[in-house]
Amino acid sequence: MSLADYAAEHGLKRVGARPAFVDYLMQAWARKDFAFGLAKYSNEAANAKNRLGRWWIILLPTLQAVVYGLIFGVLMARDRPENFIPFLFTGVFLFTFMSGSATAGASAMTSNTGLVRSLAFPRVLLPISAVLRQLLNNLPQLGLLLITLLIFRQTIGWDWLLMIPVVLLLTSFNFGVAMIMARIGAQVQDINKLLPFAVRVLFYTSGIFFSVDRLLVGYPELLAVLRFNPIYDFIELARGLLVDGYAVTPFLWLTASGWAVLTFVFGVLFFWKAEERYGRED
Amino acid sequence: MAAKTKRKAAELKPVVVVDDAHITYKVFSSGRRATRAAAGGGLFSRKMGLREVHAIKGLSFTIYEGESVGIIGSNGSGKSSLMRAIAGLTPLSKGAIYSSARPTLLGVGAVMLPNLSGEKNIILGGLALGFSKKQIEADVEKITDFAGLQEFIDLPMRTYSSGMSARLRFSIAASRDHEILIVDEALAVGDMEFRKRSEARMREMRDNAGNLFLVSHSMQSILDTCNRVIWIEKGELMMDGDPQTVVDAYNKHTGATTND
């Protein structure tokens, strides 16, 4: 009788074995407080080091918006999309949430090695917590954005409430991205060097400070492809709701929802597949 | 071996079965020895400075209910690697380890979240293990008292001395009864008073039908707490059996004359 049979006969289970997918999700769900707690406490600890503390959550994006407004608004004064400042700020806000989630996800495993090495829990909670942390930082920024839009005389309406489903869909999409990046980042740490470049390229190509539709008016095929860019979809959706002169199309809702669901499902599966390998010291 | 296993199986229930466990680490090394080894490899060759360390070389043993196992061996003999593998935190490269419950590892070094206070580490640690907020809030005070850190519990853990953080980590783990608890030299940095208190707690846990693995360089701790000792050297099993016999053989091997 082999030792494996002997162990099975007495009902012993292999340690560190990856749980079945449904069990895995249930274990993770049972520990959701951990993901929230980790996000909240990490934010507090990070803010406690600075003198201005949590004010940086508001100050940083304000400074960023001023800089972008200066560069793209004053220096690139010609050929601007209509209603430029609200257009720009909405784009920057959504883009920051997405790029922040990708970056935080990529380092979610490596920056928490202490936790991974001392406690056994579903590792997917780490990228989830990283996105929750971004979300906690971004909600006050959303408030700031709405105030700025009012200052720039955008008409407030009931459709502003539709930002809630947009933020939820975007968060789901970001969960997916963070989980994918977390597995890649844990296995190929070089990704942390490449990611800033990827973020830059996406920033310049996703129509944050120019209108993709206007730029590509002569290339309908290229525009049709670019319309499936999830960053473009989410930003256009938010602009359609918040900024005067832009409209929401059913196509945008459909593609944004599609991206949110597909990325999340693929992300969980992709991350779960490598569950046994996280925390390996090589 | 098979006959022995069968005879024991009739009387005892196995708790942990280690079946031909191998652990290899792939490490990028640097320095003269590594560069020489890599001579001939190109910049992108995987050979460059990559060394395989075979930490555990095919260990097999079975632990039965109620046993407290001391693990001894010199530094770098693979004790901690084996314990981390039993806890399911380090994947095996070959073989398998089976257990009746998820073992809890209490190791050295790894402070969970150095920038958070001791109290928040207690809370997050409990939440990660799947306890509810209510259960943990009740535990926080008990854990703080056992650790004797009332004054410092709201300071970030990076400000703790190694002894203080070892106290806290042990207290967190010891606040609950575990079916299988692995204590990996976690008490080495504690002072004598805390060591006595924690050893008493470990014996209590053992008597409550828990299984204990204790890694220590203090033979006295091992003799006081364990009823079976496994001696590992360079990733291989040297000896396994009655504590006094194994410790005597180990002392003879290292040339030590006292048990401390």
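A crossing of two helices is called left-handed if the near helix is turned anticlockwise from the far one by less than a right angle, and right-handed if clockwise. What is the hand of the crossing of α4(A) and α7(A)? The crossing of these two helices is right-handed. The model is a predicted one, in which local features need pLDDT of at least 70 and side-chain atom pairs count only at pLDDT 80 or more, whereas totals for chains, interfaces and linings use all residues. Residues are numbered from 1 along each chain as its sequence is written, while chains are lettered from A and ligands numbered from 1 in the order in which they are written.

Helix α4 of chain A covers residues 56-75 and helix α7 of chain A covers residues 125-151, and their axes come within 9 Å and cross at roughly 55 degrees. Here helices (H or I, at least four residues) and strands (E, at least two) are DSSP runs, numbered from the N terminus; axes are lines fitted to C-alpha atoms, for helices over the stretch in contact, and angles run from 0 to 180 degrees between N-to-C directions. Angles under 35 degrees count as roughly parallel, over 145 as roughly antiparallel, 65 to 115 as roughly perpendicular and the rest as oblique, and α4(A) and α7(A) are therefore oblique to each other. On the α4(A) side Ile57(A), Ile58(A), Pro61(A) and Thr62(A) meet Asn137(A), Pro140(A), Gln141(A) and Leu144(A) of α7(A), where contact requires that the C-beta atoms of two residues, placed from the backbone, lie within 7 Å. Sorted by class, this contact of α4(A) with α7(A) has five nonpolar, three polar and no charged residues; Ala, Val, Leu, Ile, Met, Phe, Trp, Tyr, Cys and Pro count as nonpolar, Asp, Glu, Lys and Arg as charged, and the others, Gly among them, as polar.

Taken as a whole, chain A has 13 helices and one strand, and its C-alpha trace spans about 80 × 50 × 40 Å along its principal axes. Of its 282 residues, 40% count as buried, a term that applies if 20 or more other C-beta atoms lie within 10 Å of a residue's own, with 12 or fewer making it exposed and values in between partly exposed. When contacts in chain A between residues at least 6 apart in sequence are considered, 81% of them join residues at least 24 apart.

Chain B contains nine helices and nine strands, and buried residues make up 42% of its 260 residues. Six of the strands form an open sheet of mixed pairing in the order β5-β6-β7-β3-β8-β9, where two strands pair if DSSP finds at least two bridges between them. At the edges stand β5 (104-106) and β9 (236-241) of chain B, each with a single partner strand, so one side of each is left without a neighbour in the sheet. From one strand to the next the twist averages 15 degrees. Strand β8 of chain B, residues 228-233, runs antiparallel to β9(B) and is joined to it by five bridges, with Ile230(B) standing opposite Asp240(B). Helix α9 of chain B, residues 243-254, packs on this sheet, touching β3 (68-72), β8 and β9 of chain B, and its direction makes about 25 degrees with that of β8(B).

Elsewhere in chain B, Ala173(B) lies in helix α6, residues 162-174. Is Ala173(B) buried or exposed? Ala173(B) is buried, with 24 other C-beta atoms within 10 Å. Leaving aside its neighbours within four places in sequence, Ala173(B) is in contact with Thr104(B), Leu106(B) and Leu181(B).

The two chains also touch each other, with 40 residues of chain B in contact with 33 residues of chain A. On the chain B side, α1 (2-11), β1 (14-28), β4 (94-99) and α4 (118-128) each supply at least two residues, and by class that side has 24 nonpolar, 10 polar and six charged residues. Strand β1 of chain A, residues 13-14, pairs with β4(B) in the antiparallel sense over two bridges, and Arg14(A) stands opposite Tyr98(B).

By class, the contact of α3(A) with α4(B) has seven nonpolar, one polar and two charged residues.
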